[in-house]
Amino acid sequence: MDNYSAKLATYLDGELSADEMKAVDAHVRSCNACAADVLGQVQLKRAVQSAGKRYSPSPEFRAHMQQKIASRPKTSPVRNWLTAATVVAMLLVASMVATYLGSRRAEREQAFSELVDLHVATMASANPVDVISTDRHTVKPWFQGKIPFTFTLPELQGSEFTLAGGRMTYLGQAPGAHLIYSVRKHQISVFMFQDRDIKGGFGDDPGARTRRSFAVETWARDGLRYFVMGDANVADIHELASRLKAAGSS
Amino acid sequence: MDVSKEPPTGELFEELAMPLFGQLFNFAQWLTHDPSEAEDLVQETYVKALKGFSSFQPGTNFRAWIYRILRNTFLTSRTGLRATATVPLDEEDRLEIPASTGTPESLFIDHAQEQLLQGAMEELPLRFREILLLCEVEEMSYQEISETLSIPIGTVMSRLSRARKALREILQRKVGA
């Protein structure tokens, strides 16, 4: 454990080399002490992240600064009153837009944070899936009548990915499907929800990226919102995402 | 290409700087512990950054650049000088062996404990507080932190490790108390 324990924090910061990441990954799966250590460190990281977002500027100060740095073209004195009125209106709009965007961002963060919780809790569970099968034709029908939508899963034969099974899940009270895939020794979660139920105005990621130490990719297609996340590297996450996208459009 | 259509410097600055406004304010108040001092600090940072914007190289990291200005402005302020006056001189680059991760973390699953954690973060010495915020809250890479704080990456790693250890110790004390 000692060889690895010094690296765990750097591992969770996503700053080890790809080879080292893989080695630590593999070790954490087989060493209970390190796994417990990782869990503790992730919890503290997330708690600090949340506790650290503590202060926000007042709308007045934001408007004041916006005005201060806004580029101001010279206008004739006659038009000044008009410009002033426009500036006030624009500031009002800007501050409304900023508030709106801020709240959308907070909603997105909240959704990601809940999904990370779902993923981590599932991985830690003794019974991570309710339907255990590597066969997509078994897993998909299991969801019938349990969730208000259907989906298409990709054929994975010949790839490194294996379907482990699935379970029902909820995000912000919206029912969804949670599938577990494995690639080498990593577990990947695929979440599917009806896009209209998911707050935060998510866009489509062009590729996977690291969020809160997990690689994540999200997109929407045919009214469904997909999230693929796990501790696998971003390339694996992206490949699985691409296969799901291809299956959905076939 | 019509050069006259390129956005003027002021507009480009606004485009880069305003999205960071909320985060910079949060960081500023964590440094100053005071909302009006944080406003002054953010205002001075934006004024300095706008003035010095011509020295910013497009394509380099704007976020690290403006955080560095904010931090340097803070360090030369009265509060900043007071905060740094008490920093003990010790060997920074010695890699810290992580403290055994006993139980305090598990107590923080519940966000209701947030205030206790915030109190512990307030107690951290400035250099630990700032690096923890840059890493965990701003989710900066070690490279970005290194640029922001003007320290080598090895020091980023050792300081982060010490900061986390110090935070755990404060938590342990608070929880035990």
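**Salt bridges, pair by pair**

Analyst: Let's start with Glu123(B), which has a relative accessible area of 38% and so is partly exposed; that label covers values between buried (under 20% relative accessible area) and exposed (over 50%), with a 1.4 Å probe and protein chains only. One caution: this is a predicted model, where local features need pLDDT of at least 70 and side-chain atom pairs count only at pLDDT 80 or more, while totals for chains, interfaces and linings use all residues. Residues are numbered from 1 along each chain as its sequence is written, chains are lettered from A in the order in which they are written, and side-chain values use heavy atoms, without hydrogens and water.

User: Why is the contact of Glu123(B) with Lys174(B) called a salt bridge?

Analyst: A salt bridge needs a side-chain nitrogen of Lys or Arg within 4 Å of a carboxyl oxygen of Asp or Glu. In this pair the closest N and O atoms are 3.2 Å apart, so the contact qualifies.

User: What makes Asp236(A) buried or exposed?

Analyst: Its relative accessible area is 7%, so Asp236(A) is buried. Its salt-bridge partner is Arg184(A), with 2.4 Å between the closest N and O atoms. Arg184(A), at 41%, counts as partly exposed.

User: How do you know that Asp231(A) and Arg29(A) form a salt bridge?

Analyst: Their N to O distance is 2.4 Å, so the pair meets the rule. Asp231(A) sits in a loop and Arg29(A) in helix H3, so the bridge ties together parts 202 residues apart in sequence.

How values were computed: Helix = DSSP H or I, 4+ residues; strand = E, 2+ residues; numbered from the N terminus.
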